[in-house]
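Morning, everyone. I have one model to go through, so please look at the screen.

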Amino acid sequence: MIPPAIAPAPGPEAVDSHTYAHPEIARVVDVALDLTADFQAKTLSGSATLDILAVPGANEIVLDIRDLDIQDVTDAEGRPLRFVVGDNDAIKGQPLTVYFPAFAANERRKITIRYSTRPDAAALQWLTPAQTAGGKKPYLFSQGQAILTRTWVPTQDSPGIRQTYSARIVAPEDLTVVMSADHLTPQGEPVGNGMKAWRFRMNNPIPPYLIAIGVGDLAFAPFDGRTGVWTEPSRLAAARWELEPTAAMVDAAEKLYGPYRWGRYDLLVLPPSFPFGGMENPKLTFATPTIIAGDRSLVSLVAHELAHSWSGNLVTNATWNDFWLNEGFTSYFENRIMESLYGHDRAVQEQVLAWDGLQDELKTLPAADNRLHLDLTGRDPDDGMSTIAYDKGAAFLRTIEQTAGRERFDAWLRGYFDRNAYRPMTTAMFLEDIRANLVKGDPALENALQLDAWVYQPGLPSNAVAPVSHAFEPVDAAAVAFYRDKGPASAIPWADWNTQQRQRFLGWRPDGLRAGADWLTNAQLADLESTLNLAKEGNSELTFAWLQIALAHRYQPAVATAETFLTSQGRRKFVMPLFQTLWAEGDWGRPIARRIYAEARPLYHPVTSGSVDALVGRP
């Protein structure tokens, strides 16, 4: 049988509907990549050698692929193995079944797959020099979550099937290669023909969506002995200053919930087409440049991705139905890091903003999708990546903390990470752990926590308590004075507020506002824009919030701001809602949306363009 240390998580909740693999029969435990990056063809080509464990008698392994060109499969001695590529599924891609002689007891084998990616591989974005800050060299980066690793690595692409990996990547010698692993050749090794080879190794078993690569004109600056930032040279000074709190965040996180187990913690600030705020690739968080605000006001994103080093990377959702086990825990942990470094008031302000967003999401999502434990069978796992997983999950953990007491809760959570390190987790396993190690048979505490209602029922249970920030009271008063009572924008104490207070002001809406209803006049919008200098706002969160107001009112002067914003970054969190707002404005907004999208689409990663395509249509 497969050793328990790397066996799949138990129970029906651990069955992953988004993989073709049968890990209980044969599973991948290590991936060794040997690939060459061809920027002309926009392909990665070479081989993946998979280390396999299987039960006695197993004579096949099923892998996940999507849009890969498979040349051949061989065993450890180079002998050809029969393989079959199955029918394509729009979401899951194709099964790659490899056949071999039956496994003996306690046997471990290697197979090698020679293959090539395609130029439109959904995990990879190939940028031209013009799409980079430097403007002279091309760039490549990957984004594997949720099930896109199968578009560049033939493996069992399920979060419950943890794998170690190594890589040898050959790329043009004037570029630098980085990966979510230890750098074994920091300067690269010349291999001739203007190329270098870069070698990497990840010894901790990780879910395959965390295998990540970046190739470009990169420079590095350290924060301290174990943290630093990579980015394009022209952006390095700004990124280093903005993200310098990273080192203190690692220290704060360790004090809260135990040692950081991954060695280094570096960041890679990517070109603006990166589709997410951040991606918690181990040892090397990928981050959007939209967090470089010039005032460190958006560094909570770093706290979030760092927290994933415990919740997500260390203890991982076994399937995408339990995405909340990654994101809810991480959002809670992020807020605790922010509290440690920036104080209780700042942390509560961020809780309130998240809570407000959660209320909006609860109003719009169907009941089945506002539970923490989801059923995504037959659906794209991205459908589960809503604020429910993040903000309802974090609210749940805050409720446990407030009910059981912080000291007791912290002791449980630190133990949870230790007990389940490098292990896939399901909601059922989480409930078993918290009942065994926190509730401990106390019926009053069990009743007060309402654990099952939080994870299996829609909406919010009766013990959910909205966070309150007194720092928002003057903001709300100013919002009423301007928005409802038609006061002048000059009376808004904008300069006295932090970014979170400004977000609160721009997020204010009248009670009972009907969809599509106007609640501001053009004169008010012009006053707001000019007085607060919103057309030239450098903070991406505030630009986004302003555009949501302006476009919903068909405020023509803001269209130029929207065009600049939507064609200069590809973060889906900003891009998709703004196109939805334009689209909702019918005859006014849809032509604008189509025109901007025709220009912007080549910038966007497939994760973003796929979402917008479904709304606007492909230009």
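Ser116 is buried, at a relative accessible area of 12%; buried means under 20%, exposed over 50% and partly exposed in between, with a 1.4 Å probe and protein chains only. This is a predicted model, where local features need pLDDT of at least 70 and side-chain atom pairs count only at pLDDT 80 or more, while totals for chains, interfaces and linings use all residues. Residues are numbered from 1 along each chain as its sequence is written, and side-chain values use heavy atoms, with hydrogens and water left out.

Ser116 sits in strand S7, residues 108–116; strands are DSSP runs of E, at least two residues, and helices are runs of H or I, at least four, numbered from the N terminus. Neighbours within four places in sequence aside, Ser116 contacts Thr43, Leu44, Ser45, Leu68, Asp69 and Gln71, a contact being heavy atoms within 4.5 Å.

Next, the cores. A nonpolar core is a set of buried Ala, Val, Leu, Ile, Met, Phe, Trp, Tyr and Cys residues joined through side-chain atoms within 4.5 Å. The largest has 144 residues, and Trp152, Phe329, Tyr416, Phe417 and Phe430 have the most contacts inside it. Helix H6, residues 387–404, gives the largest share of this core, eight residues. A second, separate core has 52 residues, among them Tyr483 and Ile592.

Back to Phe417: beyond four places in sequence, its contacts include Tyr257, Arg261, Trp310 and Phe329.

Finally, the whole chain. It has 18 helices and 22 strands. Of its 619 residues, 59% are buried.
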